[in-house]
Amino acid sequence: MNLNATLFAQLIVFFILAWVTMQFVWPPIVKALDERAQKIADGLAAADKAKTDLAHAEKKAVDELKKARESAAELRVGAEKQGTQIVEEARAEAARIVAAAREAAEAEAGVAAQRAREALREQVATLAVAGAEKILRKEINAQAHADLLAQLKSEL
Amino acid sequence: MSNLTEAAANAAEHAEAAAAHGPSAGEYIVHHLTHFNTTGHAQTSIIDFSVINVDTLVWSIATGLLTILILALATRRATSGVPGRFQGFIELLVEMVADQAKGIIHSEESRKYVAPMALTVFVWVFLMNAMDFFPVDLIPAIWQGVSGDHHAYMRVVPTADLNATLGMSLGVLLLCLYYNIKIKGAGGWIHELFTAPFGSHPVLYPVNFAMQLIEFAAKTISHGMRLFGNMYAGELVFMLIALMGAAWGASGATGPLLFLGHVLAGSVWAIFHILIVVLQAFIFMMLALVYIGQAHEGH
């Protein structure tokens, strides 16, 4: 362990190396580190924002869905009501038509019966005359007994 | 290594071995601990500033250039994007040093110089210490072959040379003085030299001043000596281990046992030395930061 001028040479080398590092090595590395730290911070902030946005969008979607469901329910109620109303109207109309038909049928039946009765009445007179002819075995003057026959006709 | 009771065949082999490993154990150690300097022989006086250790300078400048090369490589690739493994490793170092500097030195302006200085010192001292991992005889043997002088001196661990470590600790001392004057002003610093640590009283001025001088000297010398002592001792142990392997041809079971001892002890010491190498580099850097930090604080 002898001391000599190596001491001073090493001293100079020490300062040169430190100066080179300070000038050319340290600043770019530290700059890159700082920039990366900034990038990471930005990235994290963006991720946070995206998370908030997502939560917001989800809430909005849920609200929309709820609104849609409500309006659908409303529509269904309206449709049901309308349907019921249409059915009621149809039923009333049908009842009305049936009643009218029945009335018409009854009227027609009444007329037919009347007509049949008329026809029958006509035939009864003839039959009665024929019967009477046969009973009496004698030709009866229809004209002479017209009043009698008319009376009989109205009695039927 | 001479063995007179050997059989003839063994004796012949031993003569050969003795020729190859000519020097005795003591001579081997002394030879390995002698610097390749400008005089061509071992320095005789303790202090002689006309002499320069060429090996220390060459290896410390080589490792210094390697330091710059490694760091410059990382600088060239520095991006704020995703870092590779090498990039990540260097950034890890930079962040570690930056954090330590931030904790110790509170002046941002000073950190602009001191933090890069600490990084350089850490990597550089680590690389210089790591020269210990080359087999103790490898580089000296290559140098002896290249130079043609089979007796040439070559020491490869610059930090096992007191000149190198004291040179660096002197650098740190100069930085301390610089920051003392820069932060406190010349007047303020001189005032502190005479009034701290015991207080401002004319009677205490000489005592304070003496204390301050001792403090600066002790800091600087212990700073350099600590690194030197660790690395010198480490190198010496490697040499002693190498001596065991050199005696592998010894008679009976001694030779193979010594060889085995070399393998075992060499592995264990090398593995342990990894810790010492990193730790001493880290301690040297931390102390540099602490001393410069102290220069920023008034008493």
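Analyst: Happy to! From the N terminus on, chain B runs α-α-β-α-α-α-α-α-α-α, which comes to 9 helices and 1 strand. Do keep in mind that this is a predicted model.

User: Why is chain B called more spread out than a compact globule?

Analyst: Set the value against the rule: for 299 residues the globule rule gives 19 Å, while the radius of gyration of chain B is 24 Å, well over that, so chain B counts as more spread out than a compact globule. Its C-alpha atoms fill a box of roughly 80 × 60 × 35 Å along the principal axes.

User: Why is Glu155(A) called exposed?

Analyst: The cut-off for exposed is over 50% relative accessible area. Glu155(A) has 59%, so it is exposed. This residue is found in helix H2 of chain A, residues 146–155. From Glu155(A) to Arg102(A) is 53 residues in sequence and 31 Å in space, C-alpha to C-alpha.

User: What share of each chain is called buried?

Analyst: Buried means under 20% relative accessible area. By that test, buried residues make up 43% of the 299 residues in chain B and 14% of the 156 residues in chain A.

User: How do you know that chain A and chain B are in contact?

Analyst: A contact needs heavy atoms within 4.5 Å. On that basis, 31 residues of chain A are in contact with 54 residues of chain B. The size of an interface is often given as the accessible area lost when the parts come together. Here the two chains bury about 3,800 Å² between them, with 74% of it on carbon and sulfur atoms. Gln10(A), Phe14(A) and Trp26(A) supply 19% of the area that chain A buries against chain B, more than any other three residues.

User: How far apart are the centres of the positive and negative charges in each chain?

Analyst: In chain B, the mean positions of the 11 positive and 19 negative charges are 18 Å apart. Chain A has 22 positive and 23 negative side chains, and the centres of those two sets lie 4 Å apart.

Conventions
Residues are numbered from 1 along each chain as its sequence is written. Chains are lettered from A and ligands numbered from 1 in the order in which they are written. This is a predicted model: local features need pLDDT of at least 70, side-chain atom pairs count only at pLDDT 80 or more; totals for chains, interfaces and linings use all residues. Side-chain values use heavy atoms; hydrogens and water are left out. Helices (H or I, at least four residues) and strands (E, at least two) are DSSP runs, numbered from the N terminus. The radius of gyration is taken over C-alpha atoms; the globule rule is 2.2 Å times the number of residues to the power 0.38. Buried means under 20% relative accessible area, exposed over 50%, partly exposed in between (1.4 Å probe, protein chains only). Lys and Arg count as positive and Asp and Glu as negative; His and the chain ends are not counted. The place of a charge is taken as NZ of Lys, CZ of Arg, CG of Asp or CD of Glu. Buried area is the accessible area (1.4 Å probe) that two parts lose on being put together, summed over both.
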